[in-house]
Amino acid sequence: MKKFFVTTPIYYVNDKPHVGSTYTTVAADVLARYHRSRGDRTLFSTGVDENSQKNVQAMEKSGETDLQAYLDRMSDTWKTTWEELGIVFDTFVRTTEPRHLAAVSRFWNAVKQSGDIYESVYEGLYCVGCEGFKTETETVDGKCPLHPNSELSPVKEKNYFFRASAYREALLNHLDENSQFVQPESRRNEIRNYITEHFTDFSISREAKQVSAGIPVPEDSNQRIYVWFDALINYLTVTGYGTDDKMCAEWWPADIHLIGKDILKFHCALWPAMLMSAAKNDPLLRDENGNPKLPTRVFAHGYFTINGQKISKSLGNAIDPRALVPTYGFDAVRYFMLREIPFGEDGDFSESRLTERYTHDLANTLGNLLQRTIAMSRKYFDGKVPPSFSHEAKYTFADEAGIRAIRNAVDTNMEACRFDLALEAIWSGVDGAHGLLHANKFIEDTQPFKLQKTDPTATGAILYSILEYLRIISLLLAPFMPDVSERMLKQLGQNTDSNLSWGGLKPGTELPEPVVLFKMLNN
RNA sequence: CGCGGGAUAGAGCAGUUGGCAGCUCGCCAGGCCCAUAACCUGGAGGUCGCCGGUUCGAGUCCGGCUCCCGCAACCA
């Protein structure tokens, strides 16, 4: 049995989730559900980063003084938001948890043993925006190019450094030999360029007196671990690294890290370099050939704008995903995010587009198809699934082969994280056939509502083939719209243990009265 | 030489390895009546930002150019 381990980044708890963080998390949930449905042993982790200075600032801004209470409350908000939205993660990590501290400690020591941690009095410029130090060559006119309007703070303090530069060549080799390591392709080029030009040693600690959050450096309580160094290790924490070797050996490495494009460098350069270093002294991080176990893929998705505008809390357009639920249902929001924007590209989250997709794709095409098919079946076949025997191809909408074509398209695109194309295959079909759109056309062409008066057998064949088709479609949709899928199956008289082989729908099955799947939006 | 994204029908977008330009909405005309005023058909509407190049053939590859968007802070 295959295993599949997918992660989201851990989010800062300085605010509640919005549609942006929801996007990553939904994508991970879809992948996890997809792999579970194929029978893979699946681990889906998400969580929060509690060790950042940003959290402290947010707390102070809210007038609170008890950091732990603040972290507890905010972490709970994140966790319960995902739960309320029906996202099924297997583990939720907080970077203040004992298991994380254990993982970080073990990891730090492994890197240290490799000789890749050294002390240095750092005299230089710190960019608060980046939470990182800048070298002379990285500044433009004495400013950080990413944050040109903020002054760099001159800092002189003792820090621990990670000898990242030692892994430059190994990283480039890894990139060359593993075309899927960084996706999409454009990001791979970006990271290659970054490693070649700018990848240097990282400061991985700050003086404790300068920061009020963070994990103490093992054996040096005057220093706190720099937030990114500890944050990345969360991906190991959730596998049991530092607490459960057996479990860790089973799950690590991650099959895919889903991230936003802004944190590409940390995941595709710093993180693998850290792992290469630690692996030298930690057998848990090596494979059977003695090579470091690095994440198989890192997939960076794009960013949305909201109605054409950048997400901005000061503009107040950072939509709380829960606010959309009463109107659309969360499944429709999931569908929209993944269908509308090619994963990896930037896009716009516009409510008018959401409405359009909802009305056309979901209510009119999918919902209406299910409704009309069930209604006819009930009406003409005594409330039951009609007999399946048919014979003439012209009275059969789909068959084993047609379904397989759709499934293959879905599988291929899921593998590539092209959720938009996977969904498009379901709606528009493959090679111009077997899409939901074709099913509506098929009804128009064969006219079962007329044919039932003269040829009940043909009518039964028509309706059976669409019902059975819809049963399988509902299973294919399950990772994307779990709740809708379940409601569809129920309307077809099925349980969720329904399987993907053609012919699973039993003629004579009682069909309950159809219920509108997506209610029309009024206004 | 700071980084990245984009320019395709009125609007919003797809176009994976180069092979007669597609989708949704909107507009016009028609059909149907099983269904959520839903469904189906046909039509109008594009010099695929500009200029060169490679090719039998380029939205798609190569070179150059123009314009737009994001990169203080909050922020995936």
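Residues are numbered from 1 along each chain as its sequence is written, and chains are lettered from A and ligands numbered from 1 in the order in which they are written. Because the model is predicted, local features need pLDDT of at least 70 and side-chain atom pairs count only at pLDDT 80 or more, while totals for chains, interfaces and linings use all residues; side-chain values use heavy atoms, without hydrogens or water.

**The sheet.** Helices (H or I, at least four residues) and strands (E, at least two) are DSSP runs, numbered from the N terminus. Six strands with parallel pairing make an open sheet, in the order E3-E2-E1-E12-E13-E7. Strand E3 (91-94) and strand E7 (182-183) each have a single partner strand, so one side of each has no neighbour in the sheet. Two strands pair if DSSP finds at least two bridges between them. E7 and strand E13 (residues 298-301) are joined by two bridges, and Val182 has Val298 as its bridge partner in E13.

**Helix H2.** Here buried means under 20% relative accessible area, exposed over 50%, and partly exposed in between (1.4 Å probe, protein chains only). In H2 (residues 53-61), Asn55, Val56, Ala58 and Met59 are buried. Viewed down the axis, the buried residues fall within an arc of 160°, so they line one face of H2; the arc is that of the directions from the helix axis to the C-beta atoms. Glu60 and Lys61, on the other side of H2, are exposed. Contact means heavy atoms within 4.5 Å. The elements against which the buried residues of H2 pack are listed here:

| Element | Residues |
|---|---|
| Strand E1 | 3-12 |
| Strand E2 | 41-49 |
| Helix H3 | 67-84 |

After H2 comes Gly63, with a positive phi near 85°.

**The cores.** A nonpolar core is a set of buried Ala, Val, Leu, Ile, Met, Phe, Trp, Tyr and Cys residues joined through side-chain atoms within 4.5 Å. The largest has 96 residues, and Trp427 and Met481 are among those with the most contacts inside it. Helix H18 (residues 456-477) gives the most to this core, with 13 residues. Apart from this core lies another of 63 residues, among them Ala231 and Leu294.

**Gln491.** Helix H19 (residues 482-491) contains Gln491. Gln491 counts as buried because its relative accessibility is 7%. Leaving out residues up to four places away in sequence, Gln491 touches residues including Leu370, Ile374 and Pro512.
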